[in-house]
Amino acid sequence: MQKIKQTTKVTCLFISLFICSLVYSIPVHAQTLGLSISPPIDEVMIIPGKAITQTFTITNDGNDGMASIYIVPFKADGENGNVDLDEKNAITNSSPYASWFSLSSPVNNFGEKFYMASGQRQDVIVKISPASDAAEKDYYFTLLYELDNTIPGGIVPIGPTNQARIGTNLLISLSKDGEPNKVLNLVEFSAPTIIDSLGELRFNIKIGNFGSYVFKPNGEIVIKPTFGNSETLKIAPLNIISDSIRNIPCLENEETVICESKNKVLVGIYKTTLTVSADNQDLPQKKTITTIAFPFSLIVGTILVVAVYKILKKPKNKI
Amino acid sequence: MKKRPFKGWLVVVGFIFLSFLSFFSPPKLSAATLTTASSILSNPRLSYRANSSAGTSGTSAITISSSTNYPDFNTNHLFPKDNICFTNEGLTGCIGDTNYNVATISNATSFSTATPLSANVDTSGFVIATQSGSITLAFTLVTTIPAGGNIFVTIPVASTGNVNDGFPDTGTSNSTNGFDFNRLEPTTVNVSTSGGTCTGGWDTPAVASTSGTITITKASASCAGATVTIVIPNMVNPSPFITNHTQGASDAYKIAIATRDGSNNVLDSTNVVVAPIEGVLVSATVDQTLSFTVTGVTADLGAYCGVTRNAATTDSSAYAIPWGTIATANSFLNAQQILSVSTNASNGYTVTIEENDQMGLNGVACTGATAGESVSCIKDITCDTGSCTEQYGGEWNTATNNGFGYSLATVSGTPATFFYNEGGSTFYAKQVPDQEASETKRTIMSATAPVSANQVYVCYRISISGTQPAGYYYNKVKYTATARF
């Protein structure tokens, strides 16, 4: 009896320790490579020959490492606002834009490595001074903050080593009068011609910028149904940089959403008009499209219900 | 029988003690931060204010003082077509009630007007180019503003001089300088809300220019969860800080926004920064951040891209995938990293991946996209189909198909651009884009809106043949996170 009690005590103690080890396990902190940059996008319009100093704040959110700053031209990649970095033309002393950019903090040269301790915040001060004879148009660059652990004396591990970079996009517009001409091209405004009444009335908008200056489209979609009240959707004012086309979503409560009617059941003819202009600057462009909503699924459903009902109600043959 | 009353007394005493404790130490209410707060100046240009040292009636040549005791001491921040006015030292109005346009900038201290002066300038006075525009504040409520509560906005104003006369003010820092209220009519302050529950409108704001405050009361009903936008029109931007200003750099001013209850207790608050600047004609400044983190995986448990980690699984760090010695040919080694992105950039972000080259023996150059063991390289994987690239993936579940590749799995959010189990695959792999072979970097994470801790697993895999030359193989894999423009 005594032995059983002792065994029970030992078992209870073991279970208690096991539970404690689960509940109060020691957290494991892995090594991290963490970078932050603020702001992530910088839009400036500047007169050729004038200078502007911009400050970016970078942070090392991971372990100690060696950092460096680069500026690389970019162009649009695809139609969703992604950047395609032109790394072969990164700003160096010999690049065409070398005189436009100078770094005064934390180092004086692009690509020069500097030590960033864990948790350190650092202002990166860049002076932008476009040449006075530079063409009046947009110039796009990404300021890259690169971090790795190539601390002198470190050991190269076997296998891939990692570097991480984080970038701020610089949209630089050169203009002498501050009122550059912006050219909006409505590339696509479409919706299905015929939809089911229970389907979704969705719109595709693609806007092109074949001019020289970035702009934000400003406009709305007005849906006028045969029956009921009209509905208005606001399009998102996203940057469309020159020589690019961008898919434009709608804006709802400050969030981008798919452009679609909120009505759940659609019946009849829907005439939808998009009115859009570049930064409210030029005359708005308009395009109207028509969609017919027909209750295909409701009719098919009704036929099915009737058919099933008739089959069930069919008098059984008497034997 | 004697123990029961004792226990009862203990309960009663404990209850009373706790009641006292809760009475004397009530739970503290702490104000939250208003979310997605932003501020935009419709005209971010600093006003111009220099000492007019010479200018005679009937002529159009103006000279300004180069003394740094004035906000502007050269013509760097004055542009053709600027509308200007000359004042006396006391800023009692434009001399002769006349405004002029700048014609040409002659040199650092002189310029000409488009029409001749109708009166001499006051040599103790100023030449002023007022820059005015609206300040737009937007923020989302965290705590409900009850009926009778208000929004309390504090805009920095100068500590001396008239801050409501329409002339730009000045000081030596953002604590002594600020915006001029320009005789702001309370009815012109526009307040609107979207989302949330916020009916009944807002009262006409109460404007106190001397203290730089605007109080907007919600008398009729409460306001919850809404995004509030306040547009304050015709504010005059400050002139540059005297002596403490760097030309070309912005002077930052903080605008305080607070929501308060009916007794003016602060519910939520935040500061937004506006940064008027010279030399720049248009600029938008939003206080945004992009953060990117790489973390290694060492725990010997859990499944990553369908691969269950155990003691034999390679431990990664944030900086490396140290495969170590690969003892067994034609078998997989797996390792993972966790990528995490947070940003309040309104258009979201993308993360791309690339490698400087394929893994080479002692870092030897692996020329071309298909360099393999014959040139002492570990080739990028072509998968079981033999056709996968950095762009097109494929199933890679047979270890005798040797090479190095990766796959993805989403941890939080929906950021991964492809998945390890695409089309029912076990491990759907792609090559890491090889920069030596000029392959295009590939996006592995993206979002089109602000995100908090979007995470993916990047799952690396390697297998080599029995004839792979022995030695140290390595390359460099680079992640690049950028905001969408």
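In this predicted model, strand β9 of chain B (residues 132-140) is joined by eight bridges to strand β16 of chain B (residues 227-236), and the two strands run antiparallel. Within this pairing, B:Ala138 has B:Thr229 of β16(B) as its bridge partner. The two strands belong to an open, four-stranded sheet of chain B, ordered β2-β9-β16-β11 and paired in antiparallel fashion. Its edges are formed by β2 (35-41) and β11 (190-194) of chain B, each of which pairs on one side only, and from one strand to the next the twist averages 15 degrees.

**Contact between chains B and A**

Chain B contributes 60 residues to the contact and chain A contributes 64 residues, and together the chains bury about 5,000 Å², of which 54% lies on carbon and sulfur atoms. Three salt bridges are counted between chain B and chain A; one of them links B:Lys478 with A:Glu146, whose closest N and O atoms are 3.4 Å apart. Polar contacts across this interface amount to 26 residue pairs, with both residues at pLDDT 80 or more. Strands of chain B that each supply at least two residues to the side touching chain A include β19 (280-284), β24 (349-355) and β32 (473-474), while β33(B) gives the largest share, eight residues.

The side of chain B that touches chain A divides by class as follows.

| Class | Residues of chain B |
|---|---|
| Nonpolar | 30 residues |
| Polar | 24 residues |

Technical notes: Residues are numbered from 1 along each chain as its sequence is written. Chains are lettered from A and ligands numbered from 1 in the order in which they are written. This is a predicted model: local features need pLDDT of at least 70, side-chain atom pairs count only at pLDDT 80 or more; totals for chains, interfaces and linings use all residues. Side-chain values use heavy atoms; hydrogens and water are left out. Two strands pair if DSSP finds at least two bridges between them. Axes are lines fitted to C-alpha atoms, for helices over the stretch in contact, and angles run from 0 to 180 degrees between N-to-C directions. Contact means heavy atoms within 4.5 Å. Buried area is the accessible area (1.4 Å probe) that two parts lose on being put together, summed over both. A salt bridge is a side-chain nitrogen of Lys or Arg within 4 Å of a carboxyl oxygen of Asp or Glu. A polar contact is a pair of N or O atoms within 3.5 Å; within protein, one must be able to donate a hydrogen and the other to accept it, and residues adjacent in sequence count only if both atoms are side-chain atoms. Ala, Val, Leu, Ile, Met, Phe, Trp, Tyr, Cys and Pro count as nonpolar, Asp, Glu, Lys and Arg as charged, and the others, Gly among them, as polar.
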